[in-house]
Amino acid sequence: MLYWLRLFLLLACAATVRAEEDQQVILANGEWEPFLSERLPHYGFASHLVTEAFATVGVQVEYQFYPWARAEAMVEGGQIDGSLLWTQTPLRSEFAYFSDVVATQDEVLFHLRALPLEPKSPADLRGESIAVPLGSKLGVWKEVVESGQVMLVGVRDIEVGMNMLLRRRVDAFPLARAVGYSALRAHFSPQEQALITHSATVFDRHEYRLMLSRKRSMNARLILQFNEGLRRLRESGRYQEMEEAYYRGDYDAPDSAAQNDDD
């Protein structure tokens with residue numbers, strides 16, 4: 001009898017270990033360089049963070065790429081385990097568990113080095129012009145733009161906005177710092193990049209998290225596992241190493257460096 005009990009316990013332990021080793025999460029990903037993209041190394045900086053955080057707790061990640069609206073709807077309906085990266089809102093919290101902060105975006109003002117701008121608040125930019133990609137929310141700039149204190153110039157994309165800076169068609173371009181420098185590396189020569197800098201003032205900060213569907217029974221535990229993995233990344237210094245690589249451009253698209261070399 002004792003033999004069979006020991007055998008049962010041994011098999012149960014082996015099954016538990018096997019289940020943990022085989023644990024997998026499927027996440028909806030999207031296009032948002034340099035954080036996320038199907039064509040970037042490791043699928044982008046944020047994807048790499050999520051992959052490694054889960055790996056430290058024995059969970060493998062599979063990414064499937066979808067448009068953002070569809071990814072959110074799939075999480076809400078439980079058609080997929082979760083998605084990255086998202087801001088936490090009361091509405092989303094009704095259908096998803098949210099992790100600790102995975103990555104942040106610091107919004108700064110890009111401008112020419114030859115035209116030093118160091119406003120401490122949006123109101124300090126009175127009389128100047130800013131570029132904003134069409135369809136983007138004005139955020140902290142809404143009040144000064146709508147009151148006419150700051151002139152808004154709509155641009156098709158970030159590359160066009162940076163070109164307008166170089167040509168002195170606009171005075172400043174509010175953007176997430178990492179996103180702005182990624183675009184500069186991807187589309188402009190080193191000589192052109194050197195002409196542009198950013199403000200010391202951070203005008204807005206956005207926090208982005210992993211969200212997992214509440215309709216998947218294992219996700220209440222998975223979100224805790226992920227948070228533990230993220231904590232281990234930070235405490236080991238691995239998170240900081242990856243962040244430094246991110247700002248160096250190691251997560252840029254493979255053809256970015258080649259383009260700059262050809263300029």
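Modeller: A cavity is here a set of grid points where a 1.4 Å probe fits but cannot get out. The model under discussion is a predicted one. By that rule, the count comes to 1 cavity of 30 Å³ or more.

The largest cavity has a volume of about 70 Å³. Its lining is made up of Phe35, Thr104, Gln105, Asp106, Ala176, Arg177, Ala178, Tyr246 and Tyr247. Three elements each supply at least two residues of this lining, namely strand 4 (96-112), helix 7 (177-187) and helix 10 (238-248). Strand 4 gives the most, with 3 residues.

The open space comes next. The largest pocket holds about 950 Å³ of space. It is lined by 27 residues, of which Gln105, Ser136, Lys137, His206 and Tyr208 are the closest to its centre. Two or more residues of the pocket lining come from each of strand 3 (82-86), strand 4, strand 5 (129-133), strand 7 (173-176) and strand 9 (204-213). Here strand 5 gives the most, with 4 residues. The lining of the largest pocket comprises 16 nonpolar, 6 polar and 5 charged residues. Gln105 is named in the lining of the largest cavity and also among the residues closest to the centre of the largest pocket. Strand 4, likewise, supplies at least two residues to the cavity lining and two or more to the pocket lining.

The buried residues are Phe45, Ala46, Ser47, His48, Leu49, Val50, Ala53 and Phe54. Two packed helices are described by the angle between their axes and the distance between the axes. For helix 2 and helix 9 (residues 219-236), the axes come within 7 Å and cross at roughly 100 degrees. Helix 2 is therefore roughly perpendicular to helix 9, since angles of 65 to 115 degrees fall in that class. On the side of helix 2, the contact is made by Leu49, Val50, Glu52, Ala53 and Phe54, and on the side of helix 9 by Leu222, Phe226, Gly229, Leu230 and Leu233. The residues of this contact divide into 8 nonpolar, 1 polar and 1 charged.

Key:
Residues numbered from 1 in each chain as written. Predicted model: local features only at pLDDT ≥ 70, side-chain atom pairs only at ≥ 80, totals over all residues. Heavy atoms only, no water. 1 Å grid on protein atoms, 1.4 Å probe; cavity = no way out; pocket = protein on both sides within 12 Å on 5 of 7 lines; lining within 4 Å. Points joined across faces, edges and corners; volume = space filled by probe spheres on them. Buried < 20%, exposed > 50% of the residue type's maximum accessible area, 1.4 Å probe, protein only. Axes fitted to C-alpha atoms, helices over the stretch in contact; angles between N-to-C directions. Parallel < 35°, antiparallel > 145°, perpendicular 65-115°, else oblique. Contact = heavy atoms within 4.5 Å. Nonpolar A, V, L, I, M, F, W, Y, C, P; charged D, E, K, R; others polar.
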